[in-house]
Amino acid sequence: MPRNSKCRRVCAEFQNTMFAPLGTASMDYLTINVEELEALRLCDLEGLEQEDAANRMGISRGTLQRILYAARQKSAKALCEGMGVLIQGGNYEYATTHCDCGRLCKRCRLTNMSKENNENE
């Protein structure tokens, strides 16, 4: 019997959930899970090492690596075959505390909320 899957920690909700190439009338869509996009964001956009990204998501490095490989494969397939991308689903929860790292996440909704609150005061 397989173990229960652990929820992955995601910093914030992604605003854009659908991408499609221009000029294509009918198109196939490929689905990328929210935690797959978060893994891509942390490792490829933020430049974190896999161990640090795994800690931020609350999972093991091996699990992050499997998620990351799946996300990269789906992204490459969509780009090479001219497919649209839907971002939805998965096993995740939004962060309820700030990131544990020394620098704050660029997208962390909690960081953005505290900035907005300070500006309104």
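Select Tyr29, which lies in strand β3 (residues 29-32); strands (E, at least two residues) and helices (H or I, at least four) are DSSP runs numbered from the N terminus. The model is predicted: local features need pLDDT of at least 70, side-chain atom pairs count only at pLDDT 80 or more, and totals for chains, interfaces and linings use all residues. Residues are numbered from 1 along each chain as its sequence is written, and side-chain values use heavy atoms, with hydrogens and water left out.

Tyr29 has a relative accessible area of 37% and is therefore partly exposed (buried is under 20%, exposed over 50%, partly exposed in between; 1.4 Å probe, protein chains only). Show its contacts, meaning heavy atoms within 4.5 Å: leaving aside residues up to four places away in sequence, Tyr29 touches Met18, Phe19, Ala20, Met83, Gly84, Val85 and Leu86.

Next, select helices α1 (residues 34-45) and α2 (residues 50-57), whose axes come within 9 Å and cross at roughly 135 degrees. Axes are lines fitted to C-alpha atoms, for helices over the stretch in contact, with angles from 0 to 180 degrees between N-to-C directions. On the α1 side the contact is made by Glu35, Glu38, Ala39, Leu42 and Cys43, and on the α2 side by Gln50, Ala53, Arg56 and Met57.

Finally, select Cys43 and Cys80. Cys43 is buried because its relative accessibility is 10%, while Cys80, at 70%, is exposed. The whole structure has zero disulfides (pairs of cysteine sulfur atoms within 2.5 Å).
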